[in-house]
Amino acid sequence: MSTTDQLTGERADLVETLRLHRGFLRQTVEGLTDEQAATRSTVSELCPGGLIKHVTQVEQRWMWFAVGGAEAMNSEPLDWAGQFRIHGGETLAGLLDDYARVAAETDELVGTLDLDATHPLPQAPWFQPGASWSVRRVLLHLVAETSQHAGHADILREAIDGAKTMG
């Protein structure tokens with residue numbers, strides 16, 4: 001039995017909510033070919049597979065932040081534009097496997113981290129200078145980020161083949 005099976009209260013709620021929105025995102029790309037997953041079906045640069053890749057990297061980096069702060073979060077370079085695209089050799093199945101691995105790591109960490117622990121945010125134009133976030137707020141941010149991108153993916157998928165996650 002994994003640690004996440006033993007979570008209760010707030011921790012169980014956070015993991016369950018994150019799993020729900022991850023599931024919506026995964027469901028949206030179900031049945032797509034690699035070519036379809038790489039398709040930009042709107043005027044944006046987004047593609048369904050690129051959103052899986054982005055959300056995976058976002059979740060992993062925010063959990064690095066939850067454990068070790070901004071320095072840990074920024075310990076590896078980030079290809080900002082490339083994280084939204086599928087590159088040669090990448091497949092939707094491989095991206096989904098990476099997402100599942102990162103999700104499992106996150107879920108396990110939720111059972112061990114102090115939700116009240118805080119770290120100063122990295123410097124970025126979208127963060128208030130000098131602000132800090134708790135691990136709890138990081139997890140809430142991951143729920144919001146995943147949910148938002150599940151909606152983006154649903155729009156992209158509908159434009160590709162008419163399929164919708166809901167409705």
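Visitor: Why is Thr165 called buried?

Guide: This is a predicted model, and the values are computed from it. Thr165 has a relative accessible area of 15%. Buried means under 20%, so Thr165 is called buried.

Visitor: Where is Thr165 found, and with which residues is it in contact, leaving aside its neighbours within four places in sequence?

Guide: Thr165 is in the segment after H5. With those neighbours left aside, its contacts are Phe24, Gln27, Thr28 and Asp154. To count as a contact, heavy atoms must lie within 4.5 Å.

Visitor: How much of the chain is buried?

Guide: Buried residues account for 42% of the 167 residues.

Visitor: What makes a set of residues a nonpolar core?

Guide: The residues must be buried, come from a list of nonpolar types, and be joined through side-chain atoms within 4.5 Å. The largest such set here has 24 residues. Those with the most contacts inside this core are Trp62, Phe65, Leu121, Trp133, Leu139 and Leu142. Two or more residues each come from helix H1 (9-29), helix H3 (48-73) and helix H5 (135-161). H3 gives the most, with seven residues.

Visitor: Which residues is Leu142 in contact with, beyond its neighbours within four places in sequence?

Guide: Leu142 is in contact with Leu18, Val58, Glu59, Trp62 and Met63. There is also a second, separate core of 17 residues, which includes Leu25, Phe84, Leu96 and Tyr99.

Visitor: Why might nonpolar side chains be buried together?

Guide: As a general matter, in soluble globular proteins they tend to be.

Visitor: What pattern does the chain follow along the sequence?

Guide: The chain has five helices and two strands. Read along the sequence, they follow the pattern α-α-α-α-β-β-α.

Visitor: What share of contacts joins residues at least 24 apart in sequence?

Guide: Among contacts between residues at least 6 apart, the share is 74%.

Visitor: How many positive and negative side chains are there?

Guide: There are 13 positive and 24 negative side chains. The centres of the two sets lie 3 Å apart.

Key: Residues numbered from 1 in each chain as written. Predicted model: local features only at pLDDT ≥ 70, side-chain atom pairs only at ≥ 80, totals over all residues. Heavy atoms only, no water. Buried < 20%, exposed > 50% of the residue type's maximum accessible area, 1.4 Å probe, protein only. Lys, Arg positive; Asp, Glu negative; His and termini not counted. Charge placed at Lys NZ, Arg CZ, Asp CG, Glu CD.
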